[in-house]
Amino acid sequence: MKISLKIIILLIFIYPIYLQKLYAEEKIKIGLLVPLSGKQSDIGKSIMKSVSLAINKIDNPNIEILPKDTKNDPLKTLTAAKELKLEGVKIVIGPIFNDNLVYLDELKKMVFLSLTNKNINNFKNVISAGINASSQIRTIMKFKQMNDINRTIFLIPNSDFKEEIENAISQSKIKLKYTHIYETNPIELTKQIEKITMYPQRKQNLKDEIKRLEDSNEKNKEWKIKNLEKKDALGGINFDSVIVSDFEESLKSVFTSLLYTDVSPERVYYITLNQWFDESFLKEESLQPVYFPSINKENYDKFINDYEKIYDVYPNQLSFLSYDLVGLVYYLIYQNNFEVDEKIFYKKNKFKGKVGIFEINKNRINHVLNFYKVENNEFKKIF
């Protein structure tokens with residue numbers, strides 16, 4: 001009887017260890033849905049390379065990546081996802097583009113970590129892993145609080161990303177003076193910025209003041225008039241900062257229009273969204289400083305350096321994100337005793353990656369980002 005009791009006790013302690021070892025020895029299958037042919041194949045191949053880098057870094061022979069070509073087509077994406085399901089895959093990195101998500105609701109027991117930064121209208125089995133607007137606005141809120149910025153206007157382009165920005169503003173509860181939807185057409189944009197900044201009124205104020213001085217007997221009026229003639233407009237503006245949710249040349253057009261209406265970065269904070277350290281901004285001295293939330297630049301530069309050394313090509317920006325997603329999936333599976341299921345993204349958790357900190361909760365990912373400014377032709381980290 002005593003011998004039997006000892007055996008039972010041994011089994012109680014040994015069996016969980018045996019199970020964990022068994023889980024650890026099983027193949028951890030992670031699907032990868034990317035375009036490997038067609039117009040977007042360069043992005044897909046770049047992601048493939050970064051995933052290989054991540055696998056080598058983790059150095060666990062039991063991780064198996066199963067790539068499938070989506071051809072950047074929704075139906076081909078569904079077919080490829082079904083093939084992954086037959087191979088026992090439950091978690092997939094990809095697809096990249098929002099358009100390719102439309103049929104994935106059919107595969108409810110699979111989880112898709114899409115690289116899109118769009119959160120709204122996603123299926124329950126699709127998790128947006130991109131640097132979403134909510135994460136960026138939360139980082140901007142921290143910067144606003146640090147600098148006592150209270151009168152912010154938010155400018156949103158009339159584009160397919162408009163709804164996403166509006167939803168993120170609502171969810172974050174960021175305090176704004178007002179929001180404005182603008183047209184990206186340069187002529188219409190200039191007129192709208194003039195109205196927002198009250199430029200015609202301030203321009204008239206300047207003319208009126210010069211005329212008043214000319215008709216007055218004030219001392220040194222010639223000197224005062226001469227100084228006023230150097231100005232473009234006269235009078236205050238009713239905001240201390242502007243957030244522009246735009247990118248590349250369109251973003252520069254908005255900031256240039258603000259400059260034209262005598263609202264310079266010396267008067268208000270120029271703030272925008274993640275620009276992936278677009279080096280063209282370094283040359284735009286008149287627009288500096290420009291502030292923006294972003295991924296960790298030091299880690300990004302190191303990733304680029306390592307990637308170029310191995311592959312002799314420059315990586316796509318999404319490659320950096322996909323590198324982290326492999327680590328994230330492995331970490332969550334490890335935390336779940338190597339049991340792979342759709343619930344591992346539901347529990348509240350955190351993962352520190354190269355991009356920054358991933359916050360996971362109820363099938364949603366948010367990022368804790370850094371904050372930078374472009375000034376004196378360099379990117380400077382603020383926090």
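Start at Pro289, in the loop between S9 and S10. Helices (H or I, at least four residues) and strands (E, at least two) are DSSP runs, numbered from the N terminus. The peptide bond from Gln288 to Pro289 is cis, with omega near 5°.

Before moving on, note that this is a predicted model, in which local features need pLDDT of at least 70, side-chain atom pairs count only at pLDDT 80 or more, and totals for chains, interfaces and linings use all residues. Residues are numbered from 1 along each chain as its sequence is written, and side-chain values use heavy atoms, with hydrogens and water left out.

Select Gly94 and Pro95. The peptide bond between them is also cis, with omega near 0°. Pro95 sits in the loop between S3 and S4.

Now select Ser114, in strand S4. Ser114 has a relative accessible area of 0%, so it is buried. Buried means under 20% relative accessible area, exposed over 50%, and partly exposed in between (1.4 Å probe, protein chains only). Which residues touch Ser114, leaving aside its neighbours within four places in sequence? They are Gly94, Pro95, Ile96, Leu101, Val126, Ile127, Ser128, Ala129 and Gly130. Contact here means heavy atoms within 4.5 Å.

**A nonpolar surface patch**

Show Leu75, Val102 and Tyr103. These residues form a nonpolar patch on the surface, with about 270 Å² of accessible area together. Patches are made of residues with over 30% relative accessible area and no salt bridge; like charges are joined within 9 Å, nonpolar side chains (Val, Leu, Ile, Met, Phe, Trp, Tyr) within 5 Å. The areas come from the Shrake-Rupley method with a 1.4 Å probe, and for residues only the protein chains shown count as cover. Val102 is in the loop between strand S3 (91-93) and strand S4 (111-114). Its relative accessibility is 44%, so Val102 counts as partly exposed.

**The aromatic cluster**

Next, colour the rings. Rings of Phe, Tyr and Trp (its six-membered ring) pair if their centres lie within 6.5 Å; planes under 30 degrees apart count as stacked, over 60 as edge-to-face and the rest as tilted. By this rule there are 22 aromatic pairs. Zoom in on Phe277 and Tyr372: their ring centres are 5.0 Å apart and their planes stand at 90°, so this pair is edge-to-face. Phe277 lies in the loop between S9 and strand S10 (290-294) and Tyr372 in strand S14 (residues 370-375), so the pair ties together parts that are 95 residues apart in sequence. Phe277 is buried, at 8% relative accessible area. Tyr372 is buried too, at 3%.

Ring pairs link Trp276, Phe277, Phe292, Tyr300, Phe303, Tyr307, Tyr311, Phe320, Tyr323, Tyr372 and Phe379 into a cluster.

**Salt bridges**

Switch to charged side chains. The structure holds 19 salt bridges. A salt bridge is a side-chain nitrogen of Lys or Arg within 4 Å of a carboxyl oxygen of Asp or Glu.

- Asp262 and Arg202: their side chains meet at 3.8 Å, N to O. Asp262 is in the loop between helix H9 (248-260) and strand S9 (269-272), and Arg202 is in helix H7 (residues 199-214), 60 residues apart. Arg202 is buried, at 2%, whereas Asp262 is partly exposed, at 25%.
- Asp306 and Lys302: this bridge is 3.0 Å, N to O. The two are 4 residues apart in helix H10 (residues 297-311), so about one helical turn separates them.
- Lys350 and Glu359: the closest N and O atoms are 3.9 Å apart. Lys350 is exposed, at 53%, and Glu359 is partly exposed, at 21%.
- Glu209, Arg212, Glu218 and Lys224: select these together to see a network of salt bridges.

Go to Glu194 in helix H6 (residues 186-196).

**Last stop: positive phi**

Lys173 has a phi near 60°, a positive value in a residue other than glycine. Lys173 lies in the loop between helix H5 (162-172) and strand S7 (178-182) and is exposed, at 66%. Asn220, also not a glycine, has a positive phi of about 55°. Find Asn220 in the loop between H7 and helix H8 (221-228); at 55%, Asn220 is exposed.
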